[in-house]
Amino acid sequence: MRRQRTSRGPAIAAVLCVAAAIGRAGGASASDTAPIQVGTARAVPGQTVRGTLAVGEAADGTPVALPISIVSGTKAGPVVWVQAGAHGDEYGGPRALQEVVRGLDPGAMSGTVIAALIANPPAFRGLQRVNPNLDDLADMGDAFPGRERFATERIAAAVTAQVKRWAGFFVDLHTGGDRFRQHPFVFYTVTGKVPAGRYDAFARGFGVPTLWRDESRVFPNDAVTNFAAAGIPAFLVEVGGGQPLDPADLRLQANAVRRFLETAGVISGGAAPLPSYSVVTGYRIVTNARGGFFEALVRPGDRVAEGAPLGRIFDPWGEVVETMTAPAGSRIVLGVSTYPAAPTGGWLFEVGTGLSESPATTDRP
Ligand SMILES: [Zn+2]
C-alpha cells in the first residue's frame with residue numbers, strides 16, 4: 001500500500017519508527033515528541049479530542065469519514081486502538097464504545113485510547129452489514145490489510161496504516177448484527193508474533209468467560225489476524241446482537257473494554273482474571289437445506305453435543321420439514337439467528353468446537 005509522505009523531518013520520522021516498533025511488541029508509549037494524530041483528531045495530553053479520518057467520498061462528493069475520539073492520559077503508557085461498527089448493522093459495538101469513551105478520565109490515565117466509533121461508514125449509512133454499493137458489497141472482516149482498490153479495501157488500508165503507526169493493542173467490537181445473537185466471547189489468533197502466554201493473559205483480561213483461541217488463522221483477511229501477524233495483540237469482542245439492543249449487552253461489552261484497559265495498564269483498577277475460562281479452538285456454521293419459518297431450540301451459550309437438535313424449519317402449512325442438528329465436534333452454541341424465516345442456506349447457527357475448560361493461571365501480562 002502506498003503511503004503519503006508527511007512534512008515531518010527525518011529526526012521525527014525516526015522517533016515514530018521506534019514508537020511503532022515498540023507498539024508491535026504491545027507496549028507502545030505515548031511520545032511527547034510525536035503527538036498522535038488520526039485524521040483531524042490530534043491528541044492533547046489530559047484531554048479527549050474528536051475528529052474524523054477521511055477515507056473517501058460519496059457520489060455527491062460528501063466526505064466519507066470515520067468518527068474518531070482520542071483520549072490521552074497525562075502519563076505515558078500503551079496506545080490502544082478500539083473500533084466498532086466494522087459491520088454496519090452491529091449497533092451495540094458503537095453504543096458500548098461511546099459509553100467507554102465518554103466515561104474515561106484522561107487526567108487519571110496512563111497512555112492513550114484511540115476510538116474509531118464507526119469503522120465502516122458506508123455500511124452504517126446503508127444500515128447493512130456491508131457497503132451496499134454494488135461495486136463493493138465486501139465484508140470488512142475479509143478486507144484486511146486492505147489496498148487502494150474497492151471502498152471497503154480502502155477503509156481497511158486506512159485503518160491498517162493508522163493502527164500500525166500508533167497502536168500497541170487493537171480491539172474490534174462486534175455483535176451478531178440486526179438478525180443474529182452471539183454468546184459473548186473474545187476471539188484472537190495466535191500467530192507466533194505475539195508470545196502466546198502473554199497473548200492468552202491479555203485475552204483473559206477482558207473478563208469474558210468464553211475465549212475463542214484460533215491457531216488456524218480461520219479468518220486470514222480479518223483485522224485481528226493481520227495485526228496479530230504484525231506483532232500487535234489484537235482481539236475481537238463479540239457480544240449479543242438482534243433487535244432491540246439489550247442494555248445488558250452494551251454494559252457487558254463496555255465493561256470488557258474497561259477491564260482490558262485495566263489489564264493493559266491504561267486505567268487503574270487491577271482487573272483480576274476470572275476463576276476459569278471456556279476456550280474453543282474452532283467453529284462450524286449450521287445452515288438449513290429447506291426454506292421456511294425458523295424456530296431455534298437452543299440459545300447462545302448452550303452446551304451441545306453432536307446430533308443435538310438445534311432448530312426447526314416449518315413449511316407454509318406449519319409442518320416441520322427439517323430439524324437442524326449439531327455437527328461433529330460441536331460443544332457450545334456461539335450464535336443463533338433471531339430472524340423468524342429463512343430460505344435455503346440461512347446463517348442460522350454458529351457452534352464452537354474443541355472446547356476445553358481452562359483454569360486461571362498466574363500469568364500476568
Ligand atoms: Zn461483525
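Tutor: Let's start with T160, which is buried, because its relative accessible area is 7% and the cut-off for buried is under 20%. Keep in mind as you read that this is a predicted model. You will find T160 in helix α4, which covers residues 151-166. Now look at what T160 touches: leaving aside neighbours within four places in sequence, T160 is in contact with F144, P145 and F227.

From here, go to A143, which sits in the loop between α3 (121-125) and α4. A143 also counts as buried, at 8% relative accessibility. Once neighbours within four places in sequence are set aside, the contacts of A143 are T152, E153, A156 and N221. A143 and D222 are 79 residues apart in sequence, yet their C-alpha atoms are 6.5 Å apart in space.

Among contacts between residues at least 6 apart in sequence, 71% join residues at least 24 apart. Burial can be counted for the whole protein as well: of its 365 residues, 52% count as buried. As for the surface, the protein exposes about 15,800 Å², and carbon and sulfur atoms supply 53% of that area. The secondary structure comes to seven helices and 19 strands.

T175 is buried, with a relative accessible area of 4%. A polar atom of the T175 side chain lies 2.9 Å from the backbone nitrogen of G177. Not counting residues up to four places away in sequence, T175 touches a list of residues that includes E90, G92, Q182, E238 and Q253.

One name on that list, E90, takes us to the zinc ion. Which atoms coordinate the zinc ion? The donors are ND1 of H87, two OE atoms of E90, and ND1 of H174, at 2.0 to 2.4 Å. Along the sequence, the donor residues are spaced H-x2-E-x83-H. H87 counts as buried, at 5% relative accessibility, and so does E90, at 3%. The angles among the four donor atoms run from 57 to 146 degrees, and the site is irregular.

Let's finish with some strands. In what order do the strands of the four-stranded open sheet stand? The order is β15-β14-β13-β17, and the pairing is antiparallel. β15 (320-325) and β17 (341-342) are at the edges, each with a single partner strand, so one side of each has no neighbour in the sheet. In general, strands of a sheet pair through backbone hydrogen bonds. Zoom in on β13 (residues 292-296) and β14 (residues 309-314): these antiparallel strands are joined by four bridges. To find one of these places on your screen, look for A296, whose bridge partner in β14 is G311.

Conventions: Residues are numbered from 1 along each chain as its sequence is written. This is a predicted model: local features need pLDDT of at least 70, side-chain atom pairs count only at pLDDT 80 or more; totals for chains, interfaces and linings use all residues. Side-chain values use heavy atoms; hydrogens and water are left out. Buried means under 20% relative accessible area, exposed over 50%, partly exposed in between (1.4 Å probe, protein chains only). A polar contact is a pair of N or O atoms within 3.5 Å; within protein, one must be able to donate a hydrogen and the other to accept it, and residues adjacent in sequence count only if both atoms are side-chain atoms. Contact means heavy atoms within 4.5 Å. Donors are N, O and S atoms within 2.8 Å of the metal (3.2 Å for Na, K and Ca); water is not among the atoms, so sites may look incomplete. Four donors count as tetrahedral if all angles lie between 85 and 135 degrees; four count as square planar and six as octahedral if opposite donors are over 155 degrees apart and all others between 65 and 115; anything else is irregular. Two strands pair if DSSP finds at least two bridges between them. Helices (H or I, at least four residues) and strands (E, at least two) are DSSP runs, numbered from the N terminus. Accessible areas come from the Shrake-Rupley method with a 1.4 Å probe; for residues, only the protein chains shown count as cover.
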